[in-house]
Amino acid sequence: MNESNVMQKPIRIRISILFLFSLILLGCNLQEKPNHKKPVIDNTQSPFTKLRSIPMQDTKLTEGFWAKRFDLAANKMLPTLENTMLGEGTANLNRIKEAAGIIKEHQHGSPWGDGDNYKWIESMAHVYNMNKDPELDKKMDYWIEIIGKAMDPDGYISTNIGHDKSQRFQKVNAHELYNMGHLLTAACIHYRSTGKENFMVIAKKNADFLYNNQWKTEPVHMARFPWNPSVFMGMAEMYRTTRNPKYLELLQIMIDNRGSRPNPERDHSMGGTDQTQDRVPLREETMAVGHAVTGNYYYCGAADLYAETGDKALLDALERIWNDIHTRKIDIVCGVAMGGQGHEISPRGDEVHESFANEPYIQPNGYNETCANIGTGMFNYRLFMLTGESKYADWTERMMYNTLISGVDLQGEHWFYCNPLSWDGTEGEKIKQTNGRDKNRLVPAHHSGQRWEFMNCYCCPPSVTRTTAQIHNWFYNVSDDGALWINFYGGNKLSTTLADGSDIKLTQITDYPRDGQVKIKIERTENESFPIHFRIPGWSENPVVSVNGEKVSKKQNPGSYLTIEREWKVGDEVNLDFPMPIRLVEARPDVKNFNNKVAVMRGPFVYCLELPKQENGEEIYNDGIFIPENVKLTAEYLEDFLGGVTVLKGKVLNQKEKETFVNNNPQLITEQSSVNWEENELYRPLKPKEGSNSVEGSVEIELIPYYAWANRGLGYMDVWIPLAR
Ligand SMILES: [Zn+2]
């Protein structure tokens, strides 16, 4: 040791002590915890679930459809959201800075903007989980620190309300618990993705505030405040992350409270009405009613509560509501928001909007808010895990391939709030932006014919992003009997642990849903014998499954899981082949709007006919387009069209040809049939008369998957196409 070192020793000791102190401080917050690796929906310890999720780290997308969508979310949607949210007007990140005292200028935003900002952070956490991009990590820490500063010392935060305590929980529709609910979820996902506790520290403070200062002291006053109840799912995950029983108790109180203060005034801005599903307690509810986003979030939260408590009355109610939606009130692309912005009346006499259908079988042109479509998928996936029933996975898949991804354009930069089933070539209504620096600039209304960069209500873009970035987490489940469940197909590698603690690694190699061939290779296994359940999609016909080249003789029913139990060995190869014939699908005759029309499907995709104006669409549209029941459509994959899609080509009839055809060939035409429909059947394949040859007209059409419409400028679009009848 030389002299100068000796001289500097006291300073070095001081620096070392400071450094150690900082490390201890950081350790409290930022050091990765060894046991943080948990699933997105962490039901790993839930006593009342049939299937369990697997940790976020265990499924890695490799190639194909969902790998591409994930890249779009990571590289385009995330920065697009950030760019918009840094401007004033709706979900406004700078409002958190204002609340933190970092900027002085007043920042405008929507009441629910905080929740959407947190969804953006949650999306980053999902992406970081896959790519470990240090820039994302830094960005999340940056905003988490500001959120911590914006929070009141007692744990309250909602920047639309601010720091004046007298303003808290005064208006039920101020979305305070939507905002805080998304904070709780984002913090849990951030912790599970990064292992850092800095966001969880803030989330715990907030959840403790809700427990101690609000619900324990004012449960009656608070009954109507979970207006748009993201807080239910958020509180469930808080319990699951911390195992602190008071968060579960709080979730129970919140669910039990809902519907306990029905509103005699029927003013939905006061809560206690069907608009927010709080006129009737959930256990007594018989139907899906009211706002379709708040409804789905409520049902998801109640499903999470059931997984922890096993309260049968909750599950019974959820199954009644599910039946009401899926046998009477859902459209073919998994849209459920039928009521638009207008004021409609619920069956119990309350004013509702953006609601589930107020009568069975009423399907207008598809309002279909993107958040409501995604919420339906979230509800279905939860019921699937609770029960293991395939019908729930089928509807989850319908959402994934249709109205999740129709919510964003192929560049990942423009969005849809509504997802109509038909469009008339116009731009759609424009409205004045209501706040922010660009106040009064014209922006698209909710119902638009073109995806937009910005509009007044920005809830859907971060919903699409966070769901796209996490969807691979839904591909697999495990169950306590030692089984692995394979739900959804797409190129990926799985490395997880079965219930008995043994490792399983496998690879899925597939172009699904371009075609229905899936190869699953076992890469590692320790067990002597265990079951794997393979989902056979409800839409499939004559699926073929083989193991190591040998066909499985067991009958494979569409809409079920095929169980193969054997001594799995490294190198075993399962081939699933789901042929994808083109299907014409008809709706139950009670759905009057779609009488004598068909939708066209192939695999999980619903197709649409889009006629862009710039491609002579108006003329073709005006001449009429009619599909003969026995039309010949051929599938062709086009690599360079709309990001790579399989189109369906055929020649159909115009108005004149249709009239001639109908007059000359009555024997080839079936009538809209109101008989032989199963009680709960809403859609079914159309069966043309046997023996009739295909009929061709002069109109060449090219159907595209529904999600890809509105990427070619303005045009005409129809999911339901008139039959030549
Ligand atoms: Zn939305």
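What volume does the second largest cavity have? Let's work through this and one more exercise together.

This is a predicted model, in which local features need pLDDT of at least 70, side-chain atom pairs count only at pLDDT 80 or more, and totals for chains, interfaces and linings use all residues. Residues are numbered from 1 along each chain as its sequence is written, and side-chain values use heavy atoms, with hydrogens and water left out.

**Exercise 1.** Find the volume and the lining of the second largest cavity.

*Solution.* 
- Start with the term: a cavity is a set of points on a 1 Å grid over the protein atoms alone where a 1.4 Å probe fits but cannot get out, and lining residues have an atom within 4 Å of a point.
- The volume, the space filled by probe spheres set on the points, is about 60 Å³ for the second largest cavity.
- Its lining includes Ile 41, Arg 240, Asp 304 and Arg 382.
- Helix 11 (292–309) and helix 13 each give two or more residues to this lining; helices are DSSP runs (H or I) of at least four residues, numbered from the N terminus.

**Exercise 2.** Identify the protein donors of the zinc ion and the arrangement they form.

*Solution.* 
- Donors are N, O and S atoms within 2.8 Å of the metal (3.2 Å for Na, K and Ca).
- Glu 369 (OE), Cys 371 (SG), Cys 459 (SG) and Cys 460 (SG) qualify, at 2.2 to 2.3 Å from the zinc ion.
- Their angles of 95 to 118° make the arrangement tetrahedral (four donors, all angles between 85 and 135 degrees).
- Along the chain, the spacing reads E-x1-C-x87-C-C.

Terms used. Four donors count as tetrahedral if all angles lie between 85 and 135 degrees; four count as square planar and six as octahedral if opposite donors are over 155 degrees apart and all others between 65 and 115; anything else is irregular. On a 1 Å grid over the protein atoms alone, a cavity is a set of points where a 1.4 Å probe fits but cannot get out, and a pocket is an open set with protein on both sides within 12 Å along at least five of seven lines; lining residues have an atom within 4 Å of a point.
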